[in-house]
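Open the model in your viewer and keep a selection tool at hand. The stops below go from helix to hairpin to charged pairs.

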Amino acid sequence: MTTKIILTNHEPNMNPTADELSRIIMHRMGLMPRKEGSTDKMHNVLVEIYEKMKAAQREKHPEAAVMTVEEMGLHAGITRQTMYDYLKRWVELDLISKTSFITDGKVIIGYKLNGSTLESAFEKSVQRITNYLETSMKYVRELQKLIKNEKIAASQQKNQENIVFD
């Protein structure tokens with residue numbers, strides 16, 4: 001599966017509100033919807049999943065940090081199925097992780113922030129992007145070597161052909 005990571009260069013206004021800054025972060029990380037006319041509430045999911053993690057830690061109930069896809073969809077103002085489509089990017093960036101727990105004899109499957117704070121979760125995302133870029137840099141170095149070696153081989157081949165015909 002190929003992943004499309006799109007980072008943008010959105011900047012906040014002077015003295016941004018939490019709402020504005022959460023939108024900016026979501027845009028910068030490529031997590032906002034890309035289709036025109038889609039929901040503009042996706043940042044609410046980020047804020048709510050963070051709040052759930054804080055509450056879970058405060059109350060020492062780790063299962064309270066888990067947010068179902070249905071809940072996420074409600075906060076984003078979209079259907080559960082559409083939310084699943086967006087979650088792929090969140091998971092791919094290591095911002096959230098899938099988890100499950102049992103409550104009242106039922107298995108609850110959902111997602112939680114991939115760190116105890118927003119900052120630690122985003123550090124994991126940064127690491128994922130850094131690893132991706134480092135791998136790309138290895139490919140660039142290899143390409144550079146291949147181009148050089150292919151030119152040398154072509155030059156040697158040409159010299160040998162000239163020797164044969166002389």
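Which residues of helix H1 (residues 18–28) are buried? Select Ser-22, Ile-24 and Met-26: these are the buried residues of H1. Buried means under 20% relative accessible area, exposed over 50%, and partly exposed in between (1.4 Å probe, protein chains only). Helices (H or I, at least four residues) and strands (E, at least two) are DSSP runs numbered from the N terminus.

This is a predicted model, in which local features need pLDDT of at least 70 and side-chain atom pairs count only at pLDDT 80 or more, while totals for chains, interfaces and linings use all residues. Residues are numbered from 1 along each chain as its sequence is written, and side-chain values use heavy atoms, with hydrogens and water left out.

Stay with H1 and show its surroundings. The cover over its buried residues includes helix H2 (42–59) and helix H4 (80–92). After H1 comes Gly-30, with a positive phi near 75 degrees.

**Ile-49**

Next, select Ile-49 in helix H2. Ile-49 is buried, with a relative accessible area of 0%. Leaving aside residues up to four places away in sequence, Ile-49 touches Ala-65, Met-67, Met-72, Ile-96, Tyr-111, Lys-112 and Leu-113; contact means heavy atoms within 4.5 Å. For a distance check, take Met-72: Ile-49 and Met-72 are 23 residues apart in sequence and 8.4 Å apart in space, C-alpha to C-alpha.

Move to Thr-68, in the loop between H2 and helix H3 (69–76). Thr-68 is buried, at a relative accessible area of 17%. Its contacts, not counting residues up to four places away in sequence, are Ile-108, Ile-109 and Gly-110.

Now select strand S2 (residues 106–113), which runs antiparallel to S1 and is joined to S1 by eight bridges. Two strands pair if DSSP finds at least two bridges between them. Ser-100 stands opposite Ile-109 in S2. S1 and S2 form a hairpin with two residues between them, and Asp-104 in the turn has a positive phi of about 50 degrees.

Ile-102 lies in strand S1 (residues 96–103) and is exposed, with a relative accessible area of 64%. Select Ile-102 with Val-107 and Ile-109: they form a nonpolar patch on the surface, with about 320 Å² of accessible area together. Such patches join nonpolar side chains (Val, Leu, Ile, Met, Phe, Trp, Tyr) within 5 Å, using residues with over 30% relative accessible area and no salt bridge. Accessible areas come from the Shrake-Rupley method with a 1.4 Å probe.

**Charged pairs**

How many salt bridges are there? The count is eight, where a salt bridge is a side-chain nitrogen of Lys or Arg within 4 Å of a carboxyl oxygen of Asp or Glu.

Start with Glu-11 and Arg-28, whose closest N and O atoms are 3.1 Å apart. Glu-11 lies in the segment before H1 and Arg-28 in helix H1, so the pair ties together parts 17 residues apart in sequence. Glu-11 is exposed at 53%, whereas Arg-28 is partly exposed at 33%.

Then select Glu-71 and Lys-52, which meet in a salt bridge of 3.4 Å, N to O. The pair links helix H3, which holds Glu-71, to helix H2, which holds Lys-52, 19 residues apart.

Finish with Glu-92 and Arg-128, in a salt bridge of 3.0 Å, N to O. Glu-92 lies in helix H4 and Arg-128 in helix H5 (residues 118–165), so this pair ties together parts 36 residues apart in sequence.

Methods. Patch = residues over 30% accessible without salt bridge, like charges linked within 9 Å, V, L, I, M, F, W, Y side chains within 5 Å.
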